[in-house]
Structure formats: structure tokens, C-alpha cells
Amino acid sequence: MPRRLRPAVEAIYAFARSADDLADEGDATPEQRLAALNAYEAALTRIEAGGTGHEPMFERLAQVIRDHELPVKPLYELLSAFKQDVLVSRYATYDALLDYCARSANPVGFLMLHLYGQANEENIRDSDAICTALQLINFLQDVAIDIHKERIYIPLEDLNRYAISPAALDHASARPRWRSMMKFEVDRARALMLSGAPLALRLNGRIGFELRMVVQGGLRILDAIEAAEYDVFLHRPKLDRRDWLGIFWASVRMKKQMKAVFKVA
């Protein structure tokens, strides 16, 4: 990442990571979690109003917002998703899950595009597709982990369609139906990722290569889920050194394909 952007990315990450941890980690009650997230929201409001005397983390964030003229709305959207994590543990429909992803994942890509000066309508559309796909892939990868947190991020309408009880996701009796459903989920996530992939081919320089690595990494996780016959309970997909080498070369090939197809220098 360019040196000039590192402080900005670090400030955004510190805000998002710490807010996410407030929603997910530790032994706080739901009321305490919401109160802490409301305090973050109040700090954002003070930043937006030009207030001073912030705590160090928010002071760094305020400076980044000023220096790069970043919109504050995506940060509010992140907080709304983290609050939802406290209150919601099931999603009835795919559209409801997409709405959550639009606030929990897409704002990060939106802010990165702004930092790189690439936030036009076409790029934002494809960035949203990539970010949402990554979020969905993470849900598929972490089904077993989320169950222990009493959360299910697979739409209930899909579970119902394949006659899988939310209370019996990991039961052996549901395995054949589970594999069929997971194939559907994997195919849908892959199609969404590929729909946004042209962004990684349009952007040049470091951001383009980083994004190609991101796209290929997400696709590699989906391949790993398939290779495990969709049994993410016994085999949680994760990337090792060999995978990352494959991701690197797949990213290089994406660039070559762009030059061949689009005649981009």
C-alpha cells in the first residue's frame, strides 16, 4: 500500500476493528454493547460537526476524514451493521442478508476507492459486489464457528428450501441436503464475486494487484469448500502457503488477460 495512504487505512481499520469487537467479543451484555457502539456514533457525529478534543483513535480518524475529504456515511453504516450483530442472529431472506452486507462490508471498499481517487459509479458497483461476495464467502467458511455463537448467516429461506432445520445444521442426517444447499450458496457467491472482478482489471498499480489478490483469494476459499465436499464442520477451509502462491499467479494471469482482451497497457 502506498506510504501516503497507510495512516488513513490504519485509522479506518482501528475504528472498524474495535467497533466490531465491541459487538462480538468479550462478556458484555447486549445493552452494554449497544451503549458502547452508540458512544462511537456520538463521536462520529462530533467529528462531522467539526468538534475537537476527541480521544486519540477518533482524533486520528477525524484527521484522516479532513485530509482525504472522506464521506462519514460509510462509517455510520458500519456501526449500524455492528449494532445489528448484537440484535439479529438469523436472516429470513437472501435480500435481508444482502442489506446487512451492504452495511457490514461494502463501506470498506467504498472508502478504499475514495482514498485512491477511484470512486466513480462503475467502480463502486463492482466494489460492492466484491465486498458482499467476500462477506458471504466468510459466512460459508465459518458456519461451524457462527453456530457456537448462536448465529446463522445462511438465509432461512434457503434452509427451508432444502428441508434443513436451523437446529440441525451439523447433524449427519442432514449431510446430503446440506451439500446440495451449500453448492447453491457457493455458486451464488462465486457468480457475485466474478460480477465485480472487472474492477480488479480496470484499476492499475498497487490497488489493482491487491484487489486481484483479494478476488482470487475469495475464489480459492470457495474451491476449498467444494474440495471438502461442502463439509465445513469437519474441514474449515483456510489458505496455506501453497494456496497463496496459486493466488499470486492467478492474479498475474488476470492482468495478462486484461492486456490481451482490453488492450490495456
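1. Buried here means under 20% relative accessible area, exposed over 50%, and partly exposed in between, with a 1.4 Å probe and protein chains only. By that rule Asp20 is buried, at a relative accessible area of 17%. Asp20 is placed in helix α1; helices (H or I, at least four residues) are DSSP runs numbered from the N terminus. Leaving aside neighbours within four places in sequence, Asp20 is in contact (heavy atoms within 4.5 Å) with Phe82 and Asp85.

2. On provenance: this is a predicted model, in which local features need pLDDT of at least 70 and side-chain atom pairs count only at pLDDT 80 or more, while totals for chains, interfaces and linings use all residues. Residues are numbered from 1 along each chain as its sequence is written, and side-chain values use heavy atoms, with hydrogens and water left out.

3. Helix α4 covers residues 73–87. Its 15 residues should span 21 Å at 1.5 Å a residue, and the end C-alpha atoms are 21 Å apart, which agrees; the expected span is 1.5 Å times one less than the number of residues. The buried residues of α4 include Phe82 and Asp85, and among the others are Pro74, Leu75, Leu78, Leu79 and Lys83. The buried residues of α4 pack against α1 (6–24), α2 (30–48), α3 (56–68), α5 and α6 (106–115).

4. Helix α7 spans residues 121–141. At the start of α7, a side-chain oxygen of Asn120 comes within 3.2 Å of the backbone nitrogen of Glu122.

5. Next, the open space. A pocket is an open set of points on a 1 Å grid over the protein atoms alone, with protein on both sides within 12 Å along at least five of seven lines; a cavity is a set of points where a 1.4 Å probe fits but cannot get out, and lining residues have an atom within 4 Å of a point. A volume is the space filled by probe spheres set on the points, with grid points joined across faces, edges and corners. The largest pocket has a volume of about 1500 Å³. Its lining numbers 44 residues, of which Ser104, Ala105, Val108, Leu134 and Gln135 lie nearest the centre.

6. Which helix gives the largest share of the lining of the largest pocket? That share, nine residues, comes from α7. Helices α1, α4, α5, α6, α7, α8 and α12 (205–227) each supply at least two residues of this lining. By class, the lining of the largest pocket has 25 nonpolar, eight polar and eleven charged residues, where Ala, Val, Leu, Ile, Met, Phe, Trp, Tyr, Cys and Pro count as nonpolar, Asp, Glu, Lys and Arg as charged, and the others, Gly among them, as polar.

7. The structure holds two cavities of 30 Å³ or more. The largest cavity contains about 70 Å³ of space. Residues lining the largest cavity include Tyr94, Leu136, Phe139, Tyr153, Glu185 and Arg188. Helices α5 (94–104), α7 and α10 (175–196) each supply at least two residues of that lining, which divides into nine nonpolar, no polar and two charged residues.

8. The second largest cavity has a volume of about 40 Å³. Phe139, Tyr153 and Ile154 are among the residues that line the second largest cavity, and they are also among those lining the largest cavity. Helix α8 (residues 143–148) gives the largest share of the lining of the second largest cavity, three residues. By class this lining has seven nonpolar, no polar and two charged residues.

9. Two backbone angles deserve a look. Glu69 has a positive phi of about 50° although it is not a glycine; Glu69 lies in the loop between α3 and α4 and is exposed, at a relative accessible area of 70%. Glu229, also a residue other than glycine, has a positive phi near 55°. Glu229 is in the loop between α12 and α13 (241–262) and counts as exposed at 54% relative accessibility.

10. Gly117 belongs to the loop between α6 and α7. Gly117 is exposed, with a relative accessible area of 61%. The C-alpha atoms of Gly117 and His68 are separated by 9.5 Å, although the two residues are 49 residues apart along the chain.

Methods: Polar contact = N/O pair within 3.5 Å; in protein donor to acceptor, adjacent residues only side chain to side chain.
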